[in-house]
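Here is a short briefing on one protein model. Please keep the sequence and the structure in view while reading.

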Amino acid sequence: MKSFVAAVVLCVLCVSVIGGVVLDDVERSPVKLPINHISPVTETAKNQSRNEEEENRLSTYGYLAFPGQFPYHAEVLIKPKSLSYLHSCAGSLITLKYVLTTAACLYRWVNENDIEYAFVTLGSLFNGDTQWEQRINFTDDGIHTHPLYHYSSYEFNNIATIHLDCPATLNRFVQPIRLPRLTDMRTYEMMEGTASGAKFIGGLKYLRNQVMSNEDCQRDILPAYTITAQHICTNSLIGGVFCNREFGSSLTVEDQNGRVLIGFADYLFLCNSNYPTRHVRVSYFRDWIQMNSDYIFEL
């Protein structure tokens with residue numbers, strides 16, 4: 001990959017987090033995020049999404065997240081030299097130095113366009129309040145996409161890791177997410193999955209859907225899409241259709257040891273469709289993740 005050259009500070013934390021502060025006693029910041037400069041949402045898209053929601057009774061924008069509810073959520077932002085706006089997608093912080101996301105989010109900008117600058121945002125609800133936010137740069141040299149991923153297909157090996165220029169600061173609002181153990185052979189079928197990642201209207205949101213079998217997912221999804229052992233699906237008929245969700249956004253379940261990341265979104269349908277949501281199955285790629293990050297899997 002080409003060396004990253006940009007007149008930016010390599011590692012900047014936008015806010016210092018002071019321990020022991022009670023949220024209710026903190027004056028909220030009036031600063032608003034530059035949403036109009038982040039790609040994919042326009043007023044037309046918002047209106048289209050609202051119209052689709054009105055047409056489909058199962059569609060929803062989800063529930064507003066509260067501070068610290070999804071401390072592993074990462075917003076990935078890339079400024080290609082060829083574009084005037086920031087390309088964005090979602091990811092999950094898996095260690096203080098690494099973010100897990102889709103290869104589709106990164107591949108084009110690394111291999112077809114030189115990156116002017118890129119960073120991840122952590123600890124934010126994307127509602128205009130930046131007091132707990134951390135922004136950390138990364139370069140194209142820190143991006144690792146699966147070698148068998150083929151752009152622009154989303155079908156197979158749609159996984160990538162990002163090595164941050166400096167470690168994130170661990171606190172209540174920024175924490176890595178646990179991945180499935182090496183001995184965890186569960187399919188997670190019938191478990192309640194929590195999906196996060198819709199941030200464009202009102203801030204970070206989430207929705208809960210039931211995890212479905214791959215066989216049922218293949219039956220219910222459009223015939224053009226393949227469901228294999230690399231994938232895991234959630235049922236839109238049980239929980240609703242999550243409007244404006246981002247590619248790379250997390251899917252987690254709760255077990256006796258807490259929350260675990262079991263997937264991240266790699267194919268999404270419009271709000272007027274009730275097709276299942278397809279995710280990359282994290283457990284399928286444990287070996288690759290271990291080789292392309294500093295994550296240490298438990299037995």
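In which sense do β12 and strand β16 pair, and over how many bridges? The pairing is antiparallel, and 4 bridges make it up. The model is a predicted one. Its mean pLDDT is 83.

**Confidence**
- A pLDDT of 70 or more is reached by 81% of the residues.
- Residues 1-10 stay under 50 in pLDDT. The model gives this stretch 23 contacts beyond four places in sequence.
- Residues 12-53 also have pLDDT below 50. Here the model has 75 contacts beyond near neighbours in sequence.
- Where pLDDT is low, predicted coordinates should not be read in detail.

**The seven-stranded sheet**
- An open sheet holds 7 strands in the order β7-β6-β3-β4-β5-β9-β8. The pairing is antiparallel.
- β7 (134-137) and β8 (143-145) are the edge strands, and each pairs on one side only.
- From one strand to the next, the twist averages 30°.
- Strand β6 (residues 115-122) runs antiparallel to β7, and 4 bridges join the two. In this pair of strands, V120 stands opposite I136 of β7.
- Helix α2 (residues 103-111) packs on the sheet. The helix touches β3 (73-80), β4 (87-93), β5 (98-101), β6, β8 and β9 (160-163). The direction of α2 makes about 20° with that of β3.

**Nonpolar cores**
- The largest nonpolar core has 27 residues. V76, I78, V99, L106, V120, L122 and F138 touch the most other members.
- At least two residues of this core come from each of β3, β4, α2, β6 and β9.
- Helix α2 gives the most to this core, with 6 residues.
- A second, separate core has 22 residues, including F70, Y72, I94 and V280.
- In soluble globular proteins, nonpolar side chains tend to be buried together.
- What does L122 contact, leaving aside neighbours within four places in sequence? The partners are H73, A74, L93, W132, E133, Q134, I136, A168 and V174.

- Strand β12 spans residues 231-235 and is mostly covered, with 5 of its 5 residues buried.
- Which residues lie on each face of β12? H231, C233 and N235 are on one side, with I232 and T234 on the other. All of these are buried, and both faces are covered.
- Strand β11 (residues 205-212) runs antiparallel to β12, and 3 bridges join them. V211 stands opposite T234 in β12.
- β16 covers residues 277-281 and is joined to β12 by 4 bridges. Here C233 stands opposite R278 in β16.
- Strands of a sheet pair through backbone hydrogen bonds, either parallel or antiparallel.

**L299**
- L299 lies in the segment after α4 (286-291).
- Is L299 buried or exposed? L299 is exposed, because its relative accessible area is 68% and exposed means over 50%.
- L299 and T183 are 116 residues apart along the chain. Their C-alpha atoms are separated by 5.6 Å.
- Leaving aside neighbours within four places in sequence, L299 is in contact with R181, L182 and T183.

Technical notes: Residues numbered from 1 in each chain as written. Predicted model: local features only at pLDDT ≥ 70, side-chain atom pairs only at ≥ 80, totals over all residues. Heavy atoms only, no water. pLDDT = per-residue confidence, 0-100. Contact = heavy atoms within 4.5 Å. Pairing = 2+ DSSP bridges. Axes fitted to C-alpha atoms, helices over the stretch in contact; angles between N-to-C directions. Buried < 20%, exposed > 50% of the residue type's maximum accessible area, 1.4 Å probe, protein only. Core = buried A, V, L, I, M, F, W, Y, C linked by side-chain atoms within 4.5 Å.
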